[in-house]
Amino acid sequence: MTIDPSSIPNFGGQQPKPEQPKKPTRPVLPDQELVQRLLDQMKLKYVVDKEGDLVAPWEKFRTYFMFRGEKQQRVFSVRTFYDRPHGVEDMPRLLETANEWNRRTLWPKVYTHTHDDGTVRFIGEVQMIIGTGVWLDHFLASTVSWIRASIEFDKWAVEQLGLAKDADSAVSGETNGETNGGTGEAGGADDEQ
């Protein structure tokens, strides 16, 4: 007969610590599967676009998780395309908004992009060189922080630009800034849609 160790009362002695899953003892080379597991853990919806990049779509923006480059120059990039269109005449105000954000925060760095049809949209991005490996905890914490900062920029820009009516009229499916809405077909990050 065996005895379950947890059934033995503890009268102030040291409790045996439950065995923790083993963490890598050296840097890892992050890949798309690791990012998918992280997004699943965060309960974020995502799709794989036609270029093979992961895309997490929200109501008014899309965040892409991309791996580019080879060997030691391999880069992990998180790029967010904000879908609210602005007119070219709004450019001074948009640049002022982007500059203020970039001065106040570390990431994502935000800039504007003018499309062929004359609309202007914000893009935010941040990169990490991963070719020589990174510590798993650092990679995961950075990626989570970048996702949260991308969400915060959208909220901040809505407030700064007086777009609250636009934000209030759209039901986004977002809960406490941690989850995202539908998973409709996403365009490629390199298309800068």
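Guide: What follows is a walk through the sheet, the salt bridges and the helix packing beside it.

This is a predicted model, in which local features need pLDDT of at least 70 and side-chain atom pairs count only at pLDDT 80 or more, while totals for chains, interfaces and linings use all residues. Residues are numbered from 1 along each chain as its sequence is written, and side-chain values use heavy atoms, with hydrogens and water left out.

The sheet is open and has six strands, in the order β1-β2-β3-β4-β6-β5, with antiparallel pairing. The edge strands are β1 and β5, each of which pairs on one side only. Strands (E, at least two residues) and helices (H or I, at least four) are DSSP runs numbered from the N terminus, and two strands pair if DSSP finds at least two bridges between them.

At the β5 end, β5 (residues 109–114) and β6 (residues 120–129) are joined by six bridges in the antiparallel sense. Within this pair, Y111 has I123 of β6 as its bridge partner, and T114 stands opposite V120.

Now the charged pairs. The structure holds eight salt bridges, a salt bridge being a side-chain nitrogen of Lys or Arg within 4 Å of a carboxyl oxygen of Asp or Glu. One of them joins D53 and R68, at 2.9 Å from N to O. D53 sits in the loop between β1 (47–48) and β2 (54–57) and R68 in β3 (residues 61–68), so this pair ties together parts 15 residues apart in sequence. D53 counts as buried because its relative accessibility is 4%, whereas R68, at 32%, counts as partly exposed. Here buried means under 20% relative accessible area, exposed over 50%, and partly exposed in between, with a 1.4 Å probe and protein chains only.

E125 and R79 also form a salt bridge, again with 2.9 Å from N to O. E125 belongs to β6 and R79 to β4 (residues 75–82), so the link spans 46 residues of sequence. Both E125 and R79 are buried.

A further salt bridge, between D154 and R84, has its closest N and O atoms 2.5 Å apart. D154 is in helix α3 (residues 136–160) and R84 in the loop between β4 and α2 (91–104), so the pair ties together parts 70 residues apart in sequence. Both D154 and R84 are buried. Salt bridges with shared partners also join E100, R103 and R104 into one network.

Helix α2 lies across β5 and β6 and runs at about 160° to β5. Axes are lines fitted to C-alpha atoms, for helices over the stretch in contact, with angles from 0 to 180 degrees between N-to-C directions. The axes of α2 and α3 come within 11 Å and cross at roughly 135°. That makes α2 oblique to α3, since angles under 35 degrees count as roughly parallel, over 145 as roughly antiparallel, 65 to 115 as roughly perpendicular and the rest as oblique. In α2, T97, E100, W101 and R104 meet A149, E152, F153, W156 and Q160 of α3, contact being heavy atoms within 4.5 Å.
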